[in-house]
Amino acid sequence: MAQTWDPEAYARNGAFVHGMAGGVLEWLAAQPGERILDLGCGDGQLSARIAATGAKVTGVDASPQMVATARARGVSADEASAESLPYPDQSFDAVFSNAVLHWVRDQDAMLAEVHRVLEPGGRFVAEMGGHGNIAAIRIALSAVLARWDLAGDSNYYPTPDEYAQRLRRHGFEVREIALIPRPTPLAEKGMAGWLRTFRVGALESLPEAARESVIEQTVVLLAPVLRDGNGNWTADYVRLRLIAIA
Ligand code: BEZ
């Protein structure tokens, strides 16, 4: 299911995406002067943080709205799909990606491209949804959408073994790969805000009159497991974090 992005809703309800990226940025350990590609740069928040280390950062994203937002932040960003990158071979010392790879439909085409644009010995440092990611949210939303004959989340959340094998098939040496449970407190609008921000594709495939009801029913199903006694929501995120060498 195609995903569309609203940069304003993303800034309001998705601030945790860059706010909780400290771990993967540490794994990247960007150095001054390094050429780094931020694959799926979104609104450019993390590209700007990486550039502040003195690295030369290029962002790339498939969403024209996100590319425009990243450029407005001063990030050099290109609009392109991860499966077909617009850069010559060996253009980068490192490819970085946060919270994006699980959206990519053709993982093999994407990994072939990442390998192609890296210098030999260059590193691919990424964090994505891993096995079991947002399991409760997926089940609840699928159950509600089934009433409209629609499928839920078709994102890809692999185990470390599965993804390590895939990386090796593309010529990478896997240095680190780990599954990291990361319960994520949601902003003020809670699960309804999350669904409106991250499940736009599913909601837009419903008749407009049904959208609020789908959100409400999903929220009701999830409240007993993801909302605490004070009304605060926590999403059941699980991350897969990796370093692989080309
Ligand atoms: C994630 O980062 O794991 C994610 C975010 C939104 C929708 C699905 C997955």
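A salt bridge here is a side-chain nitrogen of Lys or Arg within 4 Å of a carboxyl oxygen of Asp or Glu. Keep that cut-off at hand, since several stops on this tour use it. The model is predicted, so local features need pLDDT of at least 70 and side-chain atom pairs count only at pLDDT 80 or more, while totals for chains, interfaces and linings use all residues. Residues are numbered from 1 along each chain as its sequence is written, and side-chain values use heavy atoms, with hydrogens and water left out.

**Stop 1: D153 and its two arginines**

Select D153 and R138 to begin. Their side chains meet in a salt bridge, with N to O at 3.4 Å. D153 sits in the loop between α7 (135–146) and α8, and R138 sits in helix α7, so the pair ties together parts that are 15 residues apart in sequence. Helices (H or I, at least four residues) and strands (E, at least two) are DSSP runs, numbered from the N terminus.

Is D153 buried or exposed? At 14% relative accessibility, D153 counts as buried, whereas R138 is partly exposed at 28%. Buried means under 20% relative accessible area, exposed means over 50%, and partly exposed is in between (1.4 Å probe, protein chains only).

R199 is buried, with a relative accessible area of 10%.

**Stop 2: the ligand**

Keep R199 on screen and show the ligand. Which residues surround the ligand? They are H102, W103, N133, I134, N155, Y157, W194, F198, R199, Y237 and R239.

Next, draw distances from the ligand's oxygen atoms to side-chain N or O atoms:

- H102: an N or O atom of the side chain is 3.4 Å from a ligand oxygen.
- N133: the corresponding distance is 2.7 Å.
- R239: the corresponding distance is 2.3 Å.

A polar contact is a pair of N or O atoms within 3.5 Å; within protein, one must be able to donate a hydrogen and the other to accept it, and residues adjacent in sequence count only if both atoms are side-chain atoms.

How much of the ligand's accessible area does the protein cover? The protein covers 97% of the 260 Å² that the ligand has on its own. Accessible areas come from the Shrake-Rupley method with a 1.4 Å probe; for residues, only the protein chains shown count as cover. To see which elements give two or more residues to the shell, highlight α9 (190–198) and β7 (234–245).

**Stop 3**

Select D108 and R166. Their side chains meet in a salt bridge, N to O 2.9 Å. D108 lies in helix α6 (residues 107–117) and R166 in helix α8 (residues 160–169), so the pair ties together parts that are 58 residues apart in sequence. D108 is partly exposed at 31%, while R166 is buried at 16%.

Stay on helix α6 and pick E113, which is found there too. E113 is buried, with a relative accessible area of 13%. Leaving aside neighbours within four places in sequence, E113 is in contact (heavy atoms within 4.5 Å) with A82, E83, S84 and L85.

**Stop 4**

Move to R123 in strand β5 (residues 118–129). R123 is buried, with a relative accessible area of 16%. A polar atom of the R123 side chain lies 3.0 Å from the backbone oxygen of L28. Beyond four places in sequence, the residues that R123 touches include A29, E34, D93 and A244.

Click on A29 next. Its phi is near 45°, a positive value in a residue other than glycine. A29 is found in the loop between α3 (22–28) and β1 (35–39), and A29 counts as partly exposed at 38% relative accessibility.

**Last stop: the salt-bridge network**

Finish with R35, D93 and E119, which are linked in a network of salt bridges. A search of the whole structure finds 13 salt bridges.

Note on methods
A residue is near a molecule or strand if one of its heavy atoms lies within 4 Å of it.
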